Amino acid sequence: MSLEMEQRVAKLEQEMMDLRQELEGLKRQQPVEKSNALSARQSMVDQFAPKPAQILKPNSNLEPKPKIMTNPEEKVQPQRTLEERIMWALPKLFMVILVMGVLWGLKLVSDYGYLANEVKIILAYVLSFALAVIAYVLERKKTGSPAITISLYGGAFIVGILTTAASAILYEIIGLTMALVIAVVYIGYGIIISYLKKNEVLTIFVAFTSLLLPYLLEYMDFSPVIILIYVVMLFMMLQFVILQHKQKLAFYLATFFSLLAVSIIAFMNHDNRVAFAIGFLVVLTIYYTSWCRLYDAESKLKNIHVGLQFSLGTFSLLLLNFIIRPIEYSEALLLVVVSLFAAVAGYGYKQKWQEAFDSAVTLAFITLCNTLLVMNLPGGVDQLLFPFITFAGVMMSLRLRASMMKVVGSFSFTITLALNFIIHEPTPFFSIDHISLIMPGIYLLIIYVYARRPKETLTSFEKFMKEIYVVDILAVITAGYFLAYIGKLDELYFASVGNIPHLTCLILALLFAGSLLVPTKYKGRALTPVLGGFFVLFTVMLEIIPYNMQGVEWLNIVTRIVYIAVIVAIMIDVLMKGRIYQIYQEQAEKLLDQVVSAGVVLTMISVWGLIHQLSYNSLLDWKLSIAFSTIALFLTASISLWLSTVRNLQTLRLTGFVILVIAFIKLIFFDLSALDLLIRAILFILIGGIGLLLSGRLLKK
């Protein structure tokens, strides 16, 4: 290289460095706006600067930071308004109306004998071809809107398929093989049009119409294996359109109808079940392969797609169970499905798709449990697996926060729970049947604890569920199932005589008392009011009327004492501002008078019932029971009046006076004639002493 050339290269390098420094200074001053002159100078530097010079100082502070370039093609498209959507859908609707009108017109002409069947079929094919040609011409000349051209292309497809079916089945003009060839040609036309026009509605319609053909093929007595191959190939060809244009709705619908088509044809043919099962697995494999390619972990609708993936997975597992039922060693096919779900889970784990991984793992686990069900396992194991499988589905829907999956999973779990409870009994006590009754209650408790966990943000579906108290109602359902289970134990082991569910009543009282001690954020907003309502109802039903238990009087008496103790404990806690008062402080301050008054009345009624029950069971003399009931009235009135004075409770004061009047009426008009002199004297001494003590307290206050 000559000296002159070296000087020119050195000069260019120096100029390049000066320009780079100037560029960095301008970037620091104006990071957003760039002038045209600066862009031109930068492009000149990039053009003349040699590559080695760019890496002379890799640690230089002047090195430009990488910029994130936005692709102009990825701009968010504006959403169509409702009016625009309606205008876009109208051409399709009118095309369907036009096709129906033409077909009915041809039938009317045929009925009058103007045209032969062959002429009608030819005219229908001409109409199909003409619609496609018109659409092509309008598209080439750009005189029609895309909605019109797509409707015309779709109309050509509709007419062609219907004409082929009519010519082969109704009129028997062309042979079955020729009809199949023509139908396949039209289906190929539909797939090509869907691919070229990128219209998802057209793809859905082509998929739906094409998957009706297997039923016609079954009518035509084609080999079931040929029909199976047709469905699999059609579903595979649709993937080219779906994956190319990211048509997710068409993808899910095509999968649903393909799985349904294979299943229905399999049910109609008792032979070749192995071939149909393998074809079903092929469709399922294609579905999950395409799903992994379509799934976008950054999408706002990712939970919906994961929910649809899980729902279709469980639906396909249900259909596969019906297909493989007559097959020997059917568990081998289910193990293949387990491997498929495991592969999807592995791919999701590799791609760091947490929701997809959870869904696939749950499907693999459910399928594995399903595999155990079809094996020759000890009797009763399936009774445990069925509720557990539905429970796993509910837990996965809660984990993924997928709305539709929650609805479907909860419905399945509810049906399974109801059937399980009706079928099984807790006898013998140590048995699979008994465990089958216990486990759903544990599942409900786990679901409730997991469902009420705090969330940073709520989806619209979760907000709606919260507004209608779904999680709170779940707490009530959980407690209700536990009480129903206790009721079954009661019926078999305690209430065989008299049919009185004392054990259930005891557990209800304890649950109600326990719910009062638990903060609302843990138990929900509906559990305590519901348990409280049933507690009051059972208090009135069981505590007032005495009844003979014939050998188990102790259980009756214990139940009454427990109810009295619960009521008294609640009143003492509220009056002393204990834990229950602190939890319900706002309500307790407003309703303190009414709550204490109701508690006093319920306590008096319960004590009366206990006294008369003791007399009914000959554990207490009837004269003493009369005296004790009168003493209970005066004691209740005295306590009510004293508490009303101390706490300034007006309702309780009125209650005390009413009870006192009732006590005097009973004493004068009933007790004097029913009691002998000794008991009457003792009774009056006690009542007089209570009255004097009360009067002194009231006057002192």
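Trainee: What is the average pLDDT of the protein?

Mentor: This is a predicted model. The average pLDDT is 77, and 77% of the residues score at least 70.

Trainee: Where is confidence lowest, and where is it highest?
Mentor: Helix α3, residues 51-54, has the lowest confidence with a mean of 42, whereas α12 has the highest at 92. Over residues 32-77 the pLDDT stays under 50, and there the model has 22 contacts beyond four places in sequence.

Trainee: Next, the cores. Which residues have the most contacts inside the largest nonpolar core?
Mentor: They are Tyr287, Tyr288, Trp291 and Leu320, in a core of 84 residues. Helix α12, residues 273-294, gives the most to this core, with twelve residues. Apart from this core lies another, of 61 residues, which includes Phe391 and Leu483.

Trainee: What is Tyr288 in contact with, leaving aside its neighbours within four places in sequence?
Mentor: Its partners are Gln309, Gly313, Leu340, Phe341, Val344 and Leu363.

Trainee: Changing topic to helix α7: how many residues does it have, and what should they span?
Mentor: Helix α7 covers residues 176-197, which is 22 residues. At 1.5 Å a residue they should span 32 Å, and the end C-alpha atoms are 31 Å apart, which agrees.

Trainee: Which residues of α7 are buried?
Mentor: Ala179, Leu180, Ala183, Tyr186, Ile187, Gly190, Ile191, Ile193, Ser194 and Lys197 are buried. Seen down the axis of α7, the buried residues fall within an arc of 160 degrees, so they line one face of the helix.

Trainee: Why would residues three or four places apart point the same way?
Mentor: An α-helix has 3.6 residues a turn, so residues at that spacing point the same way.

Trainee: Which residues are exposed on the other side of α7?
Mentor: Thr177, Val185 and Leu196 are exposed there. After α7 comes Lys198, whose phi is positive, near 60 degrees.

Trainee: Is Leu202 buried or exposed?
Mentor: Leu202 is buried, because its relative accessible area is 8%, under the 20% cut-off. Leu202 belongs to helix α8, residues 200-210. Leaving aside neighbours within four places in sequence, Leu202 is in contact with Ile150, Gly154, Ile193 and Ser194.

Trainee: Let us turn to charges. How many salt bridges does a search of the whole structure find?
Mentor: The search finds three. In one, Glu355 pairs with Lys302, the closest N and O atoms being 3.4 Å apart. Glu355 is in helix α15 and Lys302 in helix α13, 53 residues apart. Glu355 counts as buried at 17% relative accessibility, whereas Lys302 is partly exposed at 23%.

Trainee: What does Lys488 form a salt bridge with?
Mentor: Lys488 pairs with Glu425, with 3.2 Å between the closest N and O atoms. Lys488 lies in helix α20, and Glu425 in the loop between α17 and α18, 63 residues apart.

Trainee: Where do Arg525 and Asp472 lie?
Mentor: Arg525 lies in the loop between α22 and α23 and Asp472 in helix α20, so the pair ties together parts 53 residues apart in sequence. Their side chains meet in a salt bridge at 2.8 Å, N to O.

Notes. Residues are numbered from 1 along each chain as its sequence is written. This is a predicted model: local features need pLDDT of at least 70, side-chain atom pairs count only at pLDDT 80 or more; totals for chains, interfaces and linings use all residues. Side-chain values use heavy atoms; hydrogens and water are left out. Helices (H or I, at least four residues) and strands (E, at least two) are DSSP runs, numbered from the N terminus. The expected span of a helix is 1.5 Å times one less than its number of residues. Buried means under 20% relative accessible area, exposed over 50%, partly exposed in between (1.4 Å probe, protein chains only). The arc is that of the directions from the helix axis to the C-beta atoms. A nonpolar core is a set of buried Ala, Val, Leu, Ile, Met, Phe, Trp, Tyr and Cys residues joined through side-chain atoms within 4.5 Å. Contact means heavy atoms within 4.5 Å. pLDDT is the predictor's confidence in each residue, from 0 to 100. A salt bridge is a side-chain nitrogen of Lys or Arg within 4 Å of a carboxyl oxygen of Asp or Glu.
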